[in-house]
Amino acid sequence: MLTEMFSRLRAMRPGTRLAALLCAAAVACCLALPPVVFAVWDGMLFAGTHPRADAGQAEPLGDAARANPAACLLYNCAHLLGVDPARPSGAPDQWQARTPAGQDLADAKARCAAAVDSAAALGLLADADAARLRAALDGSGYLLTAQDGPAGLTAYSLAPGPVPEEQPADAGPAGALTLTLALTLTADGRPVYFSWQDSGRTGDAAGTGSLLAPALALLGVDEFTDWQPVDWGGRLPGAGETAYSPAAQLYVSVNAGGGLTVGAASMTPEQFAALLD
C-alpha cells in the first residue's frame with residue numbers, strides 16, 4: 001500500500017505533490033487517533049483549497065468539487081487512500097470490524113435510522129419499507145455490525161442474526177427474516193453508500209419514477225448541474241439509473257431492483273471514458 005502511494009506521489013506534477021504529501025501526512029496521523037477526532041479532521045480536509053491528483057490525473061478537482069464534502073471525500077478515497085466506501089472487504093487492513101453493544105449499539109442504530117429517514121424523506125423509500133427497516137433495527141432477529149474506516153467512515157451491516165425465541169414483526173409467512181441493510185456513513189452521518197434488499201420481494205421497491213435526483217440529494221452532490229445520464233445500451237443489464245458529473249468527477253448509480261442501492265465512485269474523465277469503451 002505504501003509503495004503504491006509513493007509511486008503515485010512521485011508521478012504527480014510538482015504543483016500538486018507538496019499538497020498531496022501534506023494530505024498523506026494528515027491521513028497517517030489521523031489513522032492513529034481515536035474516532036472522536038475524525039470529524040475535526042474531515043472539517044480541515046474539506047475546508048482546504050489545495051488540489052490533489054493521482055498519477056494518471058489530467059486535472060485535479062475543481063473549486064466546486066473540493067468545496068463539496070462528498071466529492072472531496074470520495075476523490076481522496078479513490079486516488080489517495082485506495083478505499084472503496086461500498087466495499088470495506090476490499091481493503092481489510094484499513095477497516096476495523098466491531099459488533100456494537102450497549103450505548104454504542106444504540107448510537108449505531110440511531111445513525112442507521114437517520115439515514116433511512118433521510119432516504120424516505122427524499123422519496124427513495126416507501127413509508128412502509130422505511131418502517132420495516134426501522135423495526136428491524138429496533139427489534140430482535142437482526143444483527144448490526146460495524147466497520148470503522150479511514151477519514152471517519154463507518155460501514156454498517158444489518159442482517160438476520162441468531163433465531164430469536166419470539167418471532168419478530170418482520171418475519172415473513174414462513175418465519176423468514178428477509179431484510180438486509182448496508183450503509184457507509186461519513187463522520188457527520190451522510191451516506192456515501194446506501195443499500196437495502198428484501199429477499200422476499202419481487203420487482204422494484206421504489207416505484208417506476210426516476211430516482212436519480214433524490215439519490216444525488218441523499219449523497220449530497222445534487223448541487224452539481226452537469227450530470228450526464230449514462231446509456232449502457234443493454235451492455236450492463238440491471239445497471240439501474242447511472243450518471244456522471246465531470247465537475248464532481250463522480251459516477252453515481254441507483255438501482256431499485258429488489259430494494260434500493262445508491263452508490264458513487266470517484267473517477268477522472270479519462271477513467272470514465274475508458275469505462276465506456
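Okay, a polar contact first: that's a pair of N or O atoms within 3.5 Å, where, within protein, one must be able to donate a hydrogen and the other to accept it, and residues adjacent in sequence count only if both atoms are side-chain atoms. Here, the side chain of Thr 178 makes one with the side chain of Asp 198, at 2.8 Å.

Quick word on the source: this is a predicted model, where local features need pLDDT of at least 70, side-chain atom pairs count only at pLDDT 80 or more, and totals for chains, interfaces and linings use all residues. Residues are numbered from 1 along each chain as its sequence is written, and side-chain values use heavy atoms, leaving out hydrogens and water.

Back to Thr 178. It sits in the loop between β3 (154–160) and β4 (179–185); strands here are DSSP E runs of at least two residues, and helices are H or I runs of at least four, numbered from the N terminus. Thr 178 is buried, with a relative accessible area of 14%; buried means under 20% (1.4 Å probe, protein chains only).

Now, the sheet. Nine strands make an open, antiparallel sheet, in the order β1-β2-β3-β4-β5-β9-β8-β7-β6; two strands pair if DSSP finds at least two bridges between them. β1 (96–98) and β6 (228–229) are at the edges with a single partner strand each, so one side of each has no neighbour in the sheet.

And what joins β3 to β4? Five bridges, with the two strands running antiparallel.

Note on methods:
Buried < 20%, exposed > 50% of the residue type's maximum accessible area, 1.4 Å probe, protein only.
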